[in-house]
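Hi everyone, thanks for coming. Please take a look at the structure on the screen, and then I'll walk you through a few pieces of it.

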Amino acid sequence: MSDFSCKHFKECGGCALLDLTYPQQVQKKKEHLSALLRDFWPQDIPVTLTDEPRYFRNKVELGFCHQVKWDPNYNKKDPANKTRPLVFEQALGFKLKGKWDRAVDIEECFLFDDKLISLLNAVRAWAQAQNLPYYDQRKHTGILRHLMVRAGKNTGEGLVVLFVTNDFDEKSFVAAVESVYPSFSVMSAVNTGLADTAAPESLKVLKGKDFFVEKILLSNASGQTEREVLFKLSAQSFFQTNTKTAQKMYSRVRGLVKQIAPKIIYDLYGGAGSFSLSCADLCQKSICVESVAPAIYNGLENAKLNGVENVQFFCSRVEDFVKQHTIEKKDALIILDPPRGGMHPKAVKAVAESGVKNVLYISCNPVALAAELKTLTQAYQVTGVEAFDFFPHSQHIETLVQLKLKE
């Protein structure tokens, strides 16, 4: 029997494992991970859990969909269907499982916080009062496209962004948001592209700021907080979706860095420098390499925000960086945190041939991880594997692999 129930389960693409208890979900993911990595690590893989698998996400992106209303009694063979007019509906929520052009009009959800449904109801009422059409994914018509909500779980700050194709009454939208989240900043974003992504062509502040601040609390082995790192996050900034469990992983990585005691850290696929900033006081220098320019900009801002001066940011693809720069072997540590697609083959080869004694590989895709370990273990030995369950109720799990250069 599941710990939670949701009326939209099996219909909504937001959760996949809701029919299992949380311990059963973790066991299923652990078994899958163990099977994938058995050739490299036949031992047990410990999993760090999300303490409260309810309202754990710090970000949600929801879609507005003008769509044909499905009739549960629809019969394809009925000849009357050829002349029967289509009935349309407006839906605001996560996409229907397996469908790119349909959303579930969610009425309950425990992924973000207990106010999310109130916000959606306020936005629905506002859109109806303003007579604003939801976006039709097939015809590419309509004004309202996406709604993004982000929150600082440790700070209470937040940001609501409405993605649109055209002008709307901004003041009344702000009032709708304020009725639920009075302290959150509010923005609008224009997106007229055909792709169904919350990627803006322009952003405008309607209330407050164009960012919010979150912090992660880094603990030592005894559970005492020994460092706080502040993050200034914009609408498009990458940040781990589960703040409370992510800080456990950052704390664990920090503990390993203490043990390794490197003078220089190569933070490859470093994003906005989360690992670099978390461990800046444990090394002489950290080099953060990231190909997404806005992430580098965020990293520079966050380094300044935290008074960190020994992190260098390079806007470069990792495969280009390792070709153009000599990786120092002595007293160095490589931290890898690639996107879901994994590392570029040239980057994998460069790390395998780097001669750096210690590598920490953080992966959000165990299939890509297993493929890349085939190359990395030609030069390195796996000395530890553990996992962090960032995404309860989904198939995803984060993996941390410790690698040591073979002698």
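Let's start with helix 2 and helix 3, which cross in a right-handed way; that is, the near helix is turned clockwise from the far one by less than a right angle. Helices here are DSSP runs of H or I with at least four residues, and strands are E runs of at least two, numbered from the N terminus.

A word on the source: this is a predicted model, where local features need pLDDT of at least 70 and side-chain atom pairs count only at pLDDT 80 or more, while totals for chains, interfaces and linings use all residues. Residues are numbered from 1 along each chain as its sequence is written, and side-chain values use heavy atoms, leaving out hydrogens and water.

Back to our pair: helix 2 covers residues 116–130, helix 3 covers residues 170–178, and they pack at about 155° with axes 9 Å apart. Axes are lines fitted to C-alpha atoms, for helices over the stretch in contact, and angles run from 0 to 180 degrees between N-to-C directions. The two helices are therefore roughly antiparallel, the word for angles over 145 degrees.

Now the sheet: six strands form an open, mixed sheet in the order 3-2-4-5-6-7. Strands pair if DSSP finds at least two bridges between them. Strand 3 and strand 7 stand at the edges, each with a single partner strand, so one side of each has no neighbour in the sheet.

Within it, strand 4 and strand 5 are antiparallel, paired over seven bridges; for example, V149 has V160 as its bridge partner in strand 5.

Conventions. Parallel < 35°, antiparallel > 145°, perpendicular 65-115°, else oblique.
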